[in-house]
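Visitor: I'd like to learn how to read a model like this one. Could you walk me through it, feature by feature?

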Amino acid sequence: MTETKTKTREIPAAIILTPAAEQRIADLMAKAPDDAIGVKLSTPRRGCSGLAYSVDYVSEEVAFDEKIVTPGGVFYVDGGSVLYLIGSTMDWVEDDFTAGFVFENPNAKGACGCGESFTV
């Protein structure tokens with residue numbers, strides 16, 4: 001009888017973090033509240049287009065959240081938001097006037113003029 005080997009493959013993360021985004025997560029975790037275990041991205045309903053990006057500290061893991069381990073800390077993606085974010089890239093951009101996370105989301109069908117919200 002021949003032995004069958006099961007092949008496993010690593011599943012890619014739902015969202016790609018640029019080095020600048022990973023560094024910003026590290027910076028946030030360096031000054032995080034004592035009970036914070038990571039930073040979480042979610043897409044609450046708000047704004048003129050329907051969904052917005054929200055990044056917040058989290059103090060406990062939630063079963064269906066995606067967990068991405070970065071060099072500077074753990075990044076979670078809300079389980080209810082993953083379908084809206086698959087294939088997205090998250091970057092951190094700073095210039096003379098603003099600083100913030102910027103998202104390239106192939107699932108977004110439209111966005112508001114101010115860039116605060118999007119539709120899928």
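Guide: Let's start with Asn 105, in the loop between strand 8 (99-104) and strand 9 (110-111). Keep in mind that this is a predicted model.

Visitor: Which polar partners does the side chain of Asn 105 have, then?

Guide: Look for N or O atoms within 3.5 Å of each other. A polar atom of the Asn 105 side chain lies 2.9 Å from the backbone oxygen of Tyr 84.

Visitor: Which residues of helix 1 are buried?

Guide: Here is the general idea: an α-helix has 3.6 residues a turn, so residues three or four places apart point the same way. In helix 1 the buried ones are Ala 21, Arg 24, Ile 25, Ala 26, Leu 28 and Met 29.

Visitor: What does the largest nonpolar core look like?

Guide: Ask which members touch the most others. Of its 20 residues, those are Ile 15, Leu 17, Leu 41, Phe 75, Val 77, Met 90 and Phe 101. Elements giving two or more residues include strand 1 (15-17), strand 2 (38-42) and strand 6 (73-77). Helix 1 provides the largest share, four residues.

Visitor: What does Val 77 touch?

Guide: Leaving out residues up to four places away in sequence, Val 77 touches Ile 15, Leu 41, Asp 65, Glu 66, Ile 68, Val 82 and Leu 85.

Visitor: Last topic: how many aromatic pairs are there?

Guide: Two. For each, check the distance between ring centres and the angle between planes. Tyr 53 and Phe 103 have centres 3.9 Å apart and planes at 10°, so they are stacked. Tyr 53 sits in the loop between strand 3 (51-52) and strand 4 (54-58), and Phe 103 in strand 8, so this pair ties together parts that are 50 residues apart in sequence. Trp 92 and Phe 101 have centres 4.9 Å apart and planes at 70°, so that pair is edge-to-face. Trp 92 counts as buried at 15% relative accessibility, and Phe 103 does too, at 18%.

Key:
Residues are numbered from 1 along each chain as its sequence is written. This is a predicted model: local features need pLDDT of at least 70, side-chain atom pairs count only at pLDDT 80 or more; totals for chains, interfaces and linings use all residues. Side-chain values use heavy atoms; hydrogens and water are left out. A polar contact is a pair of N or O atoms within 3.5 Å; within protein, one must be able to donate a hydrogen and the other to accept it, and residues adjacent in sequence count only if both atoms are side-chain atoms. Buried means under 20% relative accessible area, exposed over 50%, partly exposed in between (1.4 Å probe, protein chains only). A nonpolar core is a set of buried Ala, Val, Leu, Ile, Met, Phe, Trp, Tyr and Cys residues joined through side-chain atoms within 4.5 Å. Contact means heavy atoms within 4.5 Å. Rings of Phe, Tyr and Trp (its six-membered ring) pair if their centres lie within 6.5 Å; planes under 30 degrees apart count as stacked, over 60 as edge-to-face and the rest as tilted.
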